[in-house]
Every structure is written in structure tokens, then in C-alpha cells.
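Subject: Structure handover

Hello,

Please find the structure below, with the sequence alongside. My notes on what was found follow after it.

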Amino acid sequence: MPSGLRSDLILGIETSCDETAAAVLRGPRQVLSSIIASQIPVHRRYGGVVPELASRQHLLSIESVLKDALEVAGVGLKDLGGVAVTYGPGLVGSLLVGISVAKSLSMVLELPLAAVNHHEGHIRSVFIEHEEAPLPMLMLMVSGGDTSLYLVSEGDVYRPLAHTRDDAAGEAYDKVAKLLGLGYPGGPIIDKLAAKGDPRAVPFTRPRMTDGTLDFSFSGLKTAVLRYVQSHGIGSLAASSGETAPPHPSQQILDLLASFQEAVVKYLVDQTVRAARHHGARSIGMSGGVACNSRLRQAMRDAGGRLGLPVYYPSPALTTDNAAMIASAGYLHLRRGHTADLTLNADPAARL
Ligand code: KG4
């Protein structure tokens with residue numbers, strides 16, 4: 001039992017964007033429950049997350065999500081040893097819902113509180129299932145909110161190496177899908193459709209930082225797709241109908257999607273490989289929603305194979321936003337005696 005904790009059962013709460021999530025873990029890796037209430041149906045008709053709707057939906061869902069997490073884990077509030085919550089980065093109104101609940105539980109139940117950075121959670125999600133992964137690990141964190149590279153070393157040390165300067169990769173997927181009226185979220189839809197297109201059909205120029213950093217930029221690619229669509233007279237397929245079923249795109253659109261995806265995947269893999277080589281990484285990790293992408297998983301595995309480095313990523317339920325990763329990271333904080341107090345506030349632009 002970690003010093004100072006009543007038990008090694010940690011409740012994790014995650015409300016940084018559009019998933020209301022709670023989980024109970026025993027220690028850093030044994031997931032007893034992980035409940036995720038997705039808000040996709042609420043935001044679909046807008047083609048992206050609407051912050052006001054997201055925080056309102058968190059308020060509506062949080063109580064039942066918490067109850068379910070405890071019930072599925074088979075534990076009561078009195079059994080818990082600590083509470084962990086995401087404090088940022090994310091949408092301020094959404095973050096505040098989770099933080100308020102976590103602070104209330106911590107106060108009423110006299111439980112230690114851990115404040116977890118959302119990116120740290122995504123990094124930990126790889127180690128929930130792959131404790132054996134050799135360090136240092138070059139970690140690609142690739143979601144709808146950010147695209148970053150971290151070097152993960154012994155002792156849970158996370159060194160940021162690169163961030164996106166504008167859009168995140170997932171945001172680019174979502175915006176391209178919105179432009180073509182394909183539905184929301186765009187990532188999984190494009191992932192599926194791109195498999196039917198020719199990835200060499202449209203040559204996209206790779207974004208390049210003139211200052212030599214590994215930072216990412218995705219807004220140029222998104223604009224290049226827009227220009228292609230305009231210059232080839234391609235119209236939106238479903239406009240903003242909010243339909244769940246994707247329409248049937250022409251071969252020209254399938255080729256465009258395959259080429260866009262290939263450009264994104266090559267860019268992500270090449271930057272990760274460059275960083276892994278430069279920093280002498282012994283493994284590569286990926287997490288965040290875009291890490292579910294089938295082409296990215298395959299391309300990263302191939303690149304890792306060429307470098308002689310194993311590639312690790314979580315199973316899909318732990319790859320997108322979830323609270324198990326927050327509980328896992330929170331457990332490590334509490335084990336070290338790193339607790340937050342009731343002054344804890346949301347930090348929408350928090351960095352690791
Ligand atoms: O990590 P996540 O659940 O939420 C945050 O953004 O924090 O990631 C959601 C993002 C969305 O932009 C979604 O389009 C993208 O991940 N995504 C994908 C795939 N599945 C989800 N992008 C590409 N291919 C996928 N299969």
C-alpha cells in the first residue's frame with residue numbers, strides 16, 4: 001500500500017473535452033472499471049465540439065457515469081484511497097465540471113486529490129497495458145486537441161520535444177471531413193474511406209519548420225485540401241445534415257482522402273522517427289484518438305521495425321479520452337505524496 005493512502009483504489013475523472021469519463025483502478029494498471037459517456041451525438045450536427053454544449057452535457061452525465069464506474073468495479077466510495085482528475089489542457093467549462101466533483105469527493109470523503117495533466121494521462125495509457133516497454137520511449141501524442149512528441153524516461157519523467165503550432169492532427173481530420181460533408185468525428189470516417197482511394201493521387205507538400213524544430217503544423221495541409229476541392233469543383237456531400245451514415249463519395253474524393261491521410265501519416269511517422277533517432281529512444285509509443293488510425297498504426301510499426309524499435313499503443317478504449325489513464329497517472333502522483341488542494345483550478349492551456 002502506498003504510504004498515506006487508505007487503499008490502492010483510485011477513482012479517476014476526465015471531462016476535458018467531449019467525453020464524460022470515470023474509472024476505478026487498483027494501483028497504476030489494474031482497471032476495475034472504465035466508463036465513458038460520449039457526446040458525439042450532441043456535437044455531430046455542428047461538425048465539431050461546441051464548448052457550451054459540452055459542459056452542459058458533462059453536468060447531465062457525470063453522476064450516472066460515476067455511479068456506473070463504482071458499480072462495475074464493485075466498490076463503494078468508502079473503499080477509495082484517492083481521487084484523480086484532469087485539470088488541463090482542455091475546455092475550461094468542461095474541465096471545471098470534473099474538478100468540482102473531484103474536489104467535493106475529496107473534501108467530503110477526506111481523500112487525497114491528484115491533479116493530472118491530460119497529456120500525462122495519454123502517456124500513462126500506454127503503460128497500463130505495456131509495463132514492459134523499454135525506456136526511454138519516444139511518445140507521439142496525437143489527438144483532436146494536440147499533436148506532441150515527448151521523451152518518456154525512468155521515474156515518470158516526460159520531456160516535451162515538439163507541439164503543433166496550429167491545428168492538431170485530429171482537428172485536421174475533423175475539418176477535412178466537415179468540408180466534404182462526411183460526418184463527425186472525421187478521423188474514423190476518413191480512416192475507413194481512405195482505404196478505398198489511391199494515396200498517390202494528390203501530391204501534398206510536407207509542412208516544414210524553417211527554424212529546424214520538430215514542431216508540427218497541420219493548417220497548411222487542411223488549406224491544401226480546401227484549394228483542391230475548390231479548384232476541382234468538388235461539392236459537400238451532406239452539407240450539415242447531421243446524418244450518421246457517411247454518404248458514398250466519388251473515386252475522386254476517395255483518392256483525395258487517401259492522399260490527405262498518407263500525407264498526415266508520413267509526416268507524423270517521419271517526425272517521430274527523427275526524434276527517436278536523435279534522442280536514442282529504445283521504444284516508440286502512440287496515444288490519443290488519432291493513434292487509432294489503421295494506416296498510422298501500420299506505418300509506425302513498419303518504421304519501428306526498420307529502426308529495430310518496438311512500437312506500443314493502447315487498445316482502442318484506452319487510446320481515446322478515458323478516465324483509466326487519469327487514475328493511473330493520479331496513483332503515481334499520490335504514491336509520491338504529490339497532492340492538490342481545494343484551490344485547484346482548470347488550466348485550459350496546461351503543458352506538461
Ligand atoms: O483523444 P481524443 O478522443 O480526444 C481529444 O481530442 O482529446 O481524440 C479525438 C480525435 C478526433 O479528432 C477524431 O477525429 C480522431 O481523434 N480520431 C481519428 C481516428 N479515431 C479518432 N483520427 C484518425 N483516424 C482514426 N481512426
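How are H7 and H8 oriented to each other, roughly parallel or roughly antiparallel? Please keep in mind throughout that this is a predicted model. The two helices pack with their axes 11 Å apart, at an angle of about 165 degrees. Angles over 145 degrees count as roughly antiparallel, so H7 and H8 are roughly antiparallel to each other. Their crossing is right-handed. On the H7 side the residues that meet H8 are Leu221, Val225, Tyr228 and Val229. Their counterparts in H8 are Gln252, Leu256, Phe260, Ala263 and Val264.

The nonpolar cores

Leu256 and Phe260 turn up again in the largest nonpolar core, which has 52 residues. Both are among the residues with the most contacts inside that core, a list that also holds Leu149, Leu180, Phe218, Leu268 and Leu296. Helix H8, which spans residues 251-278, gives the most to this core, contributing 13 residues. Another core lies apart from it and has 29 residues, including Leu9, Ile62, Val83 and Leu105.

The aromatic pairs

There are four aromatic pairs in the structure. One of them is formed by Phe216 and Tyr267 and is edge-to-face, with 5.5 Å centre to centre and 85 degrees between the planes. This pair links distant parts of the chain, 51 residues apart: Phe216 is in the loop between helix H6 (186-194) and helix H7 (219-231), while Tyr267 is in helix H8. Phe216 and Tyr267 are both buried.

Tyr267 also pairs with Phe218. Here the ring centres are 5.3 Å apart and the planes stand at 65 degrees, so this pair is edge-to-face. It too links distant parts of the chain, since Phe218 is in the loop between H6 and H7 and Tyr267 is in helix H8, 49 residues apart. Phe218 has a relative accessibility of 0% and therefore counts as buried. Tyr267 counts as buried because its relative accessibility is 2%. Together, Phe216, Phe218 and Tyr267 form one aromatic cluster.

Ala324 and helix H11

Helix H11 covers residues 324-335, and Ala324 lies in it. With a relative accessible area of 0%, Ala324 is buried. Which residues is Ala324 in contact with, leaving aside its neighbours within four places in sequence? They are Ala23, Leu25, Val31, Ser34, Ile128 and Leu318. Leu25 is 299 residues from Ala324 along the chain, yet their C-alpha atoms are separated by 6.8 Å.

The contact with Ile128 belongs to the packing of H4 against H11, where Ile128 is one of the H4 residues and Ala324 one of the H11 residues. The axes of H4 (residues 118-129) and H11 come within 7 Å and cross at roughly 95 degrees. That angle makes H4 roughly perpendicular to H11.

Backbone details

Most peptide bonds are trans, and most residues other than glycine have a negative phi.

- The peptide bond from Gly88 to Pro89 is cis, with omega near -5 degrees. Pro89 is in the loop between strand E4 (82-88) and helix H3 (92-109).
- The peptide bond from Leu135 to Pro136 is also cis, with omega near 0 degrees. Pro136 is in the loop between H4 and strand E6 (137-142).
- Glu110 is not a glycine, but has a positive phi of about 55 degrees. Glu110 is in the loop between H3 and strand E5 (113-117), and counts as exposed because its relative accessibility is 65%.
- Asp156, another residue other than glycine, has a positive phi near 55 degrees. Asp156 is in the loop between strand E7 (147-153) and strand E8 (157-162). Its relative accessibility is 22%, so Asp156 counts as partly exposed.

Regards

Note on methods: Residues are numbered from 1 along each chain as its sequence is written. This is a predicted model: local features need pLDDT of at least 70, side-chain atom pairs count only at pLDDT 80 or more; totals for chains, interfaces and linings use all residues. Side-chain values use heavy atoms; hydrogens and water are left out. A nonpolar core is a set of buried Ala, Val, Leu, Ile, Met, Phe, Trp, Tyr and Cys residues joined through side-chain atoms within 4.5 Å. Buried means under 20% relative accessible area, exposed over 50%, partly exposed in between (1.4 Å probe, protein chains only). Helices (H or I, at least four residues) and strands (E, at least two) are DSSP runs, numbered from the N terminus. Rings of Phe, Tyr and Trp (its six-membered ring) pair if their centres lie within 6.5 Å; planes under 30 degrees apart count as stacked, over 60 as edge-to-face and the rest as tilted. Axes are lines fitted to C-alpha atoms, for helices over the stretch in contact, and angles run from 0 to 180 degrees between N-to-C directions. Angles under 35 degrees count as roughly parallel, over 145 as roughly antiparallel, 65 to 115 as roughly perpendicular and the rest as oblique. A crossing is left-handed if the near helix is turned anticlockwise from the far one by less than a right angle, and right-handed if clockwise. Contact means heavy atoms within 4.5 Å.
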